[in-house]
Amino acid sequence: MEFRGVMGGLYRLSEWIMRLAGSNLLWVICSSPFLFFLVMRFIFSQPQFTQNDILQANWAMGILAPFTLFPATAALFTVVRKWVMGEGDVSVIKTFFRGYKENYRQSMIGGLFYTLLFVIMYVDYTVYMNQFPHLQLLGIVMLIFLLVLFVSLFNFFSMIAHYHMKLKDIIKNAILLSIVRPFRLFSTLLGTVALLFIGTRYPVLFVLCLASAIAWFAFFNFYGMFLKMQEQSEKQAAAEKEKELQADEQLVTGDEPPHKQAKRLENVPANQPSMDQDVKNSMTKEKERER
């Protein structure tokens, strides 16, 4: 009996390794044009190459990212979404390419937007830090903006995989979530950095499972945040409903004269929705994709 349990555990472990490796390999293949120039970018960092070589590699990555890296990553998040939501036995290949096809347009246009912002902010950062020493504070501000933009990518891909939502709402909420809910996203960033550090020690993981592991961890964090926001919205809606019922009951029983009740309600300040509440309302009212 114990032997069967051990064998069953090993089988499940090998199954998950195959899932991670398969989805990661599909991501590498679909992102290969971008990844090729990324590798070349690191090679061009050697002293024997010129700054022009590095610049050409940067331009190539910027042009290719929206058409290769972003759609492939959106498809990868479509696969890991199934795993996080308890559907570990889905076909990796079918789910990946269905997500690739369904989300290609949104991820490509979103990739153009993100890439343009990254290029502008990175150029501003390098100019302020290297050519204008007295304006290095602005360079640090640009670095912070770059970090927020990078972290919002986790939300961007998670929301593309999870929602039927307009692209402008996805980008807006992805960035706002990074600002109003920084702690969970910061934990995602720390987890990503830790996985990348492990990958530098064992480069074979970049091909085997690293991208899939990062995507799974990012969506796991996002989905936990989504469930918490959904629970808070439901509690708030229930509380508001209860207040309305109590007010109706007071009016019916005549516990308070109507003119006094009207005067009291006039003096109550209107609730101003916060940025966090705007994001909650926007996300919880949108239709989730079919599981």
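A: Buried means under 20% relative accessible area, exposed means over 50%, and partly exposed is anything in between (1.4 Å probe, protein chains only). K82 is therefore buried, because its relative accessible area is 7%. This is a predicted model, where local features need pLDDT of at least 70, side-chain atom pairs need 80 or more, and totals for chains, interfaces and linings use all residues. Residues are numbered from 1 along each chain as its sequence is written, and side-chain values use heavy atoms, without hydrogens or water.

The protein has 12 helices and 2 strands (DSSP runs, numbered from the N terminus: H or I of at least four residues for helices, E of at least two for strands). Along the sequence the order is α-α-α-α-α-α-β-α-α-α-α-α-α-β. The protein has 291 residues, and 37% of them are buried.

K82 belongs to helix α4, which runs over residues 69-84. Along the chain, K82 and W216 are 134 residues apart. I214 sits in helix α10, and I214 is buried because its relative accessibility is 14%. L189 is 25 residues away from I214 along the chain, with 9.6 Å between the two C-alpha atoms. For another leucine, turn to helix α8, residues 182-201, which contains L196. L196 has 36% relative accessibility, so L196 is partly exposed.

Now the rings. How many aromatic pairs does the whole structure hold? The search finds 20 (ring centres of Phe, Tyr or Trp, its six-membered ring, within 6.5 Å; planes under 30 degrees apart are stacked, over 60 edge-to-face, the rest tilted). Take F96 and F97. Their ring centres are 5.4 Å apart and their planes meet at 80°, so this pair is edge-to-face. Is F96 buried or exposed? F96 is buried, because its relative accessible area is 0%. F97 has a relative accessible area of 40%, so F97 is partly exposed. Y223 and F226 are arranged in another way: the centres lie 5.9 Å apart and the planes are at 25°, so the pair is stacked. Y223 and F226 sit in helix α10, residues 210-253. They are 3 residues apart there, so about one helical turn separates them. Y223 is buried, and F226 is buried too.

Which residues form the aromatic cluster? Its members are F70, F77, F113, Y114, F118, F156 and F157. Together they make one cluster.

Next, the charges. W16 and R19 form a charge-over-ring contact, with the charged end of R19 4.6 Å from the centre of the W16 ring (NZ of Lys or CZ of Arg within 6 Å of the centre and within 35 degrees of the ring normal). R19 has another partner. The side chain of R19 meets that of E15 in a salt bridge, at 3.5 Å from N to O (Lys or Arg side-chain nitrogen within 4 Å of an Asp or Glu carboxyl oxygen). R19 and E15 lie in helix α1, 4 residues apart, which is about one turn of the helix. What is the cover on each side? R19 is buried, because its relative accessibility is 12%. E15 is partly exposed, because its relative accessible area is 29%.

How many salt bridges does the structure hold? There are 2. One of them joins E231 to K235, with the closest N and O atoms 3.4 Å apart. E231 and K235 lie in helix α10. They too are 4 residues apart, about one turn of the helix. E231 has a relative accessible area of 42%, so E231 is partly exposed. K235 is at 56% relative accessibility, so K235 is exposed.

Last, the cysteines. The whole structure was searched for disulfides, and 0 were found (two cysteine sulfur atoms within 2.5 Å). C30 is buried, because its relative accessible area is 16%. C209 is partly exposed, because its relative accessible area is 23%.
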